[in-house]
Amino acid sequence: MSVKSIIAKILRDELTSIGIRSLTVQDSESIAAHIFERITDLELELAARDSASVSRDHD
């Protein structure tokens with residue numbers, strides 16, 4: 001089982017626990033994939049900021 005599948009299952013379980021039962025397996029996997037994309041984008045943005053900060057500190 002992939003990490004995305006595990007996250008999708010956790011998402012479905014959490015939503016079910018609060019009464020939301022209409023999310024399909026495909027929907028939850030799509031949402032999990034999107035979450036991972038957003039995390040990757042955020043990591044890249046933070047790395048770029050850190051790099052820019054280090055570059056300014058050396059000037």
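This is a predicted model: local features need pLDDT of at least 70, side-chain atom pairs count only at pLDDT 80 or more; totals for chains, interfaces and linings use all residues.
Helix H2 itself takes in residues 25–58. Glutamate 45 counts as partly exposed because its relative accessible area is 38%, which falls between the 20% limit for buried and the 50% limit for exposed. Looking back along the chain, isoleucine 31 sits 14 residues away from glutamate 45, and their C-alpha atoms are 21 Å apart.

The count of salt bridges comes to 2. The other pairing to look at involves aspartate 13 and lysine 9, whose side chains meet at 2.8 Å, again taken from N to O. This pair is found in helix H1, with aspartate 13 and lysine 9 set 4 residues apart, about one turn of the helix.

Helix H1 covers residues 3–17, and isoleucine 10 is part of it. With a relative accessibility of 44%, isoleucine 10 is another residue that counts as partly exposed.

Now for how the two helices sit against each other. The axes of H1 and H2 come within 8 Å and cross at roughly 120°, and the crossing is right-handed. On the H1 side, the residues in contact are Val3, Lys4, Ser5, Ile7, Ala8, Leu11 and Arg12. Their counterparts in H2 are Val25, Ser28, Glu29, Ile31, Ala32, Ala33 and Phe36. So Ile31, the residue whose C-alpha lies 21 Å from that of glutamate 45, is one of the H2 residues that meet H1 by the 4.5 Å contact rule.

Serine 30 gives one more view across the two helices. Serine 30 is placed in helix H2 and is partly exposed, at 46% relative accessibility. Between serine 30 and isoleucine 10 there are 20 residues in sequence, while the C-alpha to C-alpha distance is 13 Å.

Terms used: Residues are numbered from 1 along each chain as its sequence is written. Side-chain values use heavy atoms; hydrogens and water are left out. Buried means under 20% relative accessible area, exposed over 50%, partly exposed in between (1.4 Å probe, protein chains only). Axes are lines fitted to C-alpha atoms, for helices over the stretch in contact, and angles run from 0 to 180 degrees between N-to-C directions. A crossing is left-handed if the near helix is turned anticlockwise from the far one by less than a right angle, and right-handed if clockwise. A salt bridge is a side-chain nitrogen of Lys or Arg within 4 Å of a carboxyl oxygen of Asp or Glu.
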